[in-house]
Amino acid sequence: MLGIETSCDETAAAIVVRDEFGNSTILSNVVRSQLDEHAAFGGVVPELAARAHVTYLDHIIAQACREANVKLGDVDAIAATAGPGLVGGVLVGLTTAKALAAALDKPLIAVNHLEAHALTARLTNNVPFPYLMLLVSGGHSQFVLVRGVGDYERWGTTIDDALGEAFDKVAKLLSLGHPGGPAVEAIAKSGDKLRFKFPKPLLREQRLDFSFSGLKTAVRLQAEALAPLSNQDVADIAASFQHTVATIIEVRSRQALERFRAEFPNEPMRLVVAGGVAANRSIAAALDGLCRAVGADLIVPPIALCTDNGAMVAWAGAERFALGGHDGLDFVARPRWPLDLDDMKVTADGI
Ligand code: KG4
Ligand code: ZN
């Protein structure tokens with residue numbers, strides 16, 4: 001299976017094999033991150049992202065085939081992210097996949113990017129259904145119950161910023177550069193996480209949703225009140241922010257696992273983490289402590305597969321293909337495409 005990913009600022013392609021028992025082999029996984037293109041703007045510029053995908057995608061696909069020692073004509077099907085994401089980029093990947101499928105006479109599989117994140121734990125750890133997924137990336141922060149391929153129920157989401165976005169905004173206001181998550185984590189190491197007490201929006205409510213925009217504003221007000229900031233102030237703010245976020249994630253994950261236990265009393269509790277924020281060691285440590293305390297299995301795929309990549313798209317395509325699924329060449333890109341289709345009705349943005 002060839003997998004193509006272009007929904008944000010990674011141009012990626014991979015060749016993955018899935019055998020009849022559900023075992024996987026990643027033959028190649030090529031990712032070109034566009035950090036340099038967007039660095040000067042402090043965030044991803046959709047038009048620049050789409051143009052870079054146009055420039056590099058062909059070469060990335062060729063490289064993925066070379067590294068896998070596979071000819072394009074030998075793949076069984078072609079999978080590409082068809083949404084949700086920045087539509088210019090999605091169109092580049094999906095249209096390329098359609099052209100290849102038509103020219104090579106292979107089936108096309110239009111993959112939901114969130115489904116690709118959701119199924120990655122099966123690619124890396126062969127995790128059985130059902131499991132709970134916490135997806136924390138630059139675009140999403142949600143709990144999803146994964147019952148099977150194509151069978152998802154969203155239990156909670158952010159009502160404003162995504163968690164990675166909050167890290168990026170905090171980094172920006174502390175002049176730490178983009179992407180912000182790794183920069184905040186690095187400087188937080190030398191900070192005092194208890195110096196500032198930041199709010200934990202929504203946490204008193206029982207719902208499984210997140211809200212990070214009030215926290216980000218509190219961080220901004222604190223930074224403004226202290227300005228000009230010393231290096232120690234920046235480190236202390238970063239550490240206190242990260243500590244607050246880790247607490248929020250831990251409390252919510254505990255509630256989500258309780259719900260999982262109530263709904264599946266005969267299943268082991270399984271928590272799968274996906275998305276770029278999974279790289280954060282302080283959040284990972286909080287989740288690790290929680291899962292040990294409540295007796296849940298914690299599955300965190302290698303970070304290169306938690307962030308956007310082609311292997312997860314190929315794998316999601318392979319899982320669907322194994323069940324007989326594929327799509328027509330008239331499949332229309334979906335900038336908004338919730339995993340749980342019921343959510344389309346209740347949320348304005350659908351993601
Ligand atoms: O999943 P991802 O690579 O891309 C998508 O958004 O789909 O996630 C990127 C996000 C960025 O917001 C980045 O700041 C955040 O993940 N991130 C981190 C860390 N590494 C990446 N956030 C906190 N701590 C990190 N170590
Ligand atoms: Zn993603």
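Helix 6 contributes the largest share of the shell around ligand 1, namely 4 residues, where helices (H or I, at least four residues) and strands (E, at least two) are DSSP runs numbered from the N terminus. The structure is a predicted model, in which local features need pLDDT of at least 70 and side-chain atom pairs count only at pLDDT 80 or more, while totals for chains, interfaces and linings use all residues. Residues are numbered from 1 along each chain as its sequence is written, chains are lettered from A and ligands numbered from 1 in the order in which they are written, and side-chain values use heavy atoms, with hydrogens and water left out.

The surroundings of ligand 1 are described next. The ligand is surrounded by 17 residues, of which G138, D168, G181, E185 and G276 are the closest; a residue is near a molecule or strand if one of its heavy atoms lies within 4 Å of it. At least two residues of this shell come from each of helix 5 (163-173) and helix 6 (180-188). Sorted by class, the shell holds 4 nonpolar, 10 polar and 3 charged residues. In this classification, Ala, Val, Leu, Ile, Met, Phe, Trp, Tyr, Cys and Pro count as nonpolar, Asp, Glu, Lys and Arg as charged, and the others, Gly among them, as polar.

Polar contacts are pairs of N or O atoms within 3.5 Å; within protein, one must be able to donate a hydrogen and the other to accept it, and residues adjacent in sequence count only if both atoms are side-chain atoms. An N or O atom in the side chain of E185 lies 2.7 Å from a nitrogen atom of ligand 1. A backbone N or O atom of G181 is found 2.9 Å from an oxygen atom of ligand 1. For N280, an N or O atom of the side chain is 3.0 Å from a nitrogen atom of ligand 1. Of the 550 Å² of accessible area that ligand 1 has on its own, the protein covers 88%. Accessible areas come from the Shrake-Rupley method with a 1.4 Å probe, and for residues only the protein chains shown count as cover.

Rings of Phe, Tyr and Trp (its six-membered ring) pair if their centres lie within 6.5 Å; planes under 30 degrees apart count as stacked, over 60 as edge-to-face and the rest as tilted. The count by this rule is 7 aromatic pairs. In one of the pairs, F129 and Y131 are stacked, with 5.9 Å from centre to centre and 15° between the planes. Residues are called buried under 20% relative accessible area, exposed over 50%, and partly exposed in between (1.4 Å probe, protein chains only). F129 is therefore partly exposed at 23%, whereas Y131 is buried at 0%. F167 and F241 form an edge-to-face pair, 5.1 Å centre to centre with 75° between the planes. This pair joins distant parts of the chain, since F167 belongs to helix 5 and F241 to helix 8 (residues 231-263), 74 residues apart. With relative accessible areas of 3% for F167 and 0% for F241, both residues are buried.

A charge sits over a ring if NZ of Lys or CZ of Arg is within 6 Å of the ring centre and within 35 degrees of the ring normal. The charged end of R259 lies over the ring of W155, 4.0 Å from its centre. R32 is placed over the face of Y56, 3.6 Å from the ring centre.

Most residues other than glycine have a negative phi, and most peptide bonds are trans. N126, although not a glycine, has a positive phi of about 55°. N126 lies in the loop between helix 4 and strand 6 and is partly exposed at 40% relative accessibility. S175, likewise not a glycine, has a positive phi of about 55°. S175 is located in the loop between helix 5 and helix 6 and counts as exposed at 64% relative accessibility.
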